Amino acid sequence: MQRRFLQGVKLWGNYKIDCVCLPKNSMNKRDFLKISGIVGTGFLLSPQMACKTLKSGAKSSTSAWIDPLLSAKGEFTLPALGYSFAALEPHIDAMTMEIHHDKHHAAYIKKLNEGIKATPAFADKTLGEILANVTKDSPAIRNNGGGHYNHSLFWAVLGANGSKPEGKLWEAINRDLGSYQQMLDTLKDAGTKVFGSGWVWVCVDADKKLFISATPNQDNPLMVNLVEKKGTPLFGIDVWEHAYYLKYTNERKKYLEAIFNVLNWNVIGERYANLLL
Ligand SMILES: [Fe+2]
């Protein structure tokens with residue numbers, strides 16, 4: 001079992017994480033597949049890892065758990081998508097996915113690495129520390145660091161599995177965001193109102209309540225020097241034209257309605273459970 005788990009971890013190797021913990025208890029096949037699948041898209045859910053990560057200095061504003069991506073240090077490389085480019089058809093077309101992942105995300109990573117080399121203050125910092133320290137005076141790191149984290153999270157929370165929020169996440173959505181449908185309506189409204197390019201988010205705040213926000217360009221709610229309300233993103237939706245223009249042209253609202261069909265609520269639910277730790 002240990003050998004199998006490490007095969008899953010190997011997919012994560014691009015991020016050069018500074019700690020890897022094996023689960024205390026042996027895993028059955030279902031658990032292994034769940035974990036290795038999430039690793040493949042860049043997110044390993046391990047409370048034991050979280051504890052060690054916190055000891056290394058990275059901090060989460062809301063929880064003892066932290067995305068392993070945030071504890072990664074450069075040189076950063078493009079994470080695997082974890083599914084085929086066509087997997088989200090007909091909602092998100094394969095060509096858009098290929099260009100978005102292989103060209104746009106790759107470009108953010110290349111420029112982030114170049115920016116870090118040119119900016120000694122960000123050298124040897126984790127991605128979480130980078131995002132927490134960017135300001136208006138560090139545009140290259142801000143835009144490309146955000147671009148890397150935002151897209152890595154985006155790929156991880158997509159999947160054509162027809163899932164819906166369940167359990168405590170469902171209850172929290174009803175409690176904090178009105179209802180599942182109201183959450184989607186608010187996201188759609190916020191997304192269509194983003195001027196130019198940006199993201200819309202469902203986040204967890206310091207009181208572990210959900211909130212919805214929007215950020216311009218590649219900003220995100222982890223950039224505490226830049227956002228009105230900080231929080232840990234549960235998931236985000238890219239509303240840059242490069243995310244939808246080939247299929248939806250200028251119809252951003254139709255894109256948003258479509259992408260709601262391919263949110264992977266299993267992954268989002270796992271993230272939410274860990275943010276409550
Ligand atoms: Fe994008």
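Select Gly198 and Pro216 to begin: Gly198 stands opposite Pro216, which lies in strand S2. Helices (H or I, at least four residues) and strands (E, at least two) are DSSP runs, numbered from the N terminus. This is a predicted model, in which local features need pLDDT of at least 70 and side-chain atom pairs count only at pLDDT 80 or more, while totals for chains, interfaces and linings use all residues. Residues are numbered from 1 along each chain as its sequence is written.

**The sheet**

S1 and S2 run antiparallel and are joined by 7 bridges; two strands pair if DSSP finds at least two bridges between them. The two strands form a hairpin with 5 residues between them, and in the turn Lys208 has a positive phi of about 65°.

Two partners in S3 can be picked out: Pro233 is the bridge partner of Cys203, and Thr232 is the bridge partner of Val204.

With these strands displayed, the open sheet of 3 strands can be followed in the order S2-S1-S3, with antiparallel pairing. Axes are lines fitted to C-alpha atoms, for helices over the stretch in contact, and angles run from 0 to 180 degrees between N-to-C directions.

Now colour S1 by side. Of its 7 residues, 7 are buried; a residue is buried if 20 or more other C-beta atoms lie within 10 Å of its own, exposed if 12 or fewer, and partly exposed in between, with C-beta atoms placed from the backbone. Gly198, Val200, Val202 and Val204 lie on one side, and Trp199, Trp201 and Cys203 on the other.

**Helices H4 and H6**

Move to helix H4 (residues 94-118) and helix H6 (residues 139-156), whose axes come within 8 Å and cross at roughly 140°. H4 and H6 are therefore oblique to each other; angles under 35 degrees count as roughly parallel, over 145 as roughly antiparallel, 65 to 115 as roughly perpendicular and the rest as oblique. The contact includes His101, His105 and Tyr108 of H4, and His148, His151 and Trp155 of H6. Two residues are in contact if their C-beta atoms, placed from the backbone, lie within 7 Å. The contact residues divide into 7 nonpolar, 8 polar and 1 charged. Here Ala, Val, Leu, Ile, Met, Phe, Trp, Tyr, Cys and Pro count as nonpolar, Asp, Glu, Lys and Arg as charged, and the others, Gly among them, as polar.

**Met97**

Within H4, select Met97. Met97 is buried, with 22 other C-beta atoms within 10 Å. Not counting residues up to four places away in sequence, Met97 touches Phe85, Leu88 and Ile92. His242 is 145 residues from Met97 in sequence, yet the two are 9.5 Å apart in space, C-alpha to C-alpha.

**Helices H8 and H10**

Finally, select helix H8 (residues 180-193) and helix H10 (residues 252-259), which pack at an angle of about 145° with their axes 9 Å apart. Leu187, Lys188, Gly191 and Thr192 of H8 meet Arg252, Lys253, Leu256 and Glu257 of H10. These residues divide into 2 nonpolar, 2 polar and 4 charged.
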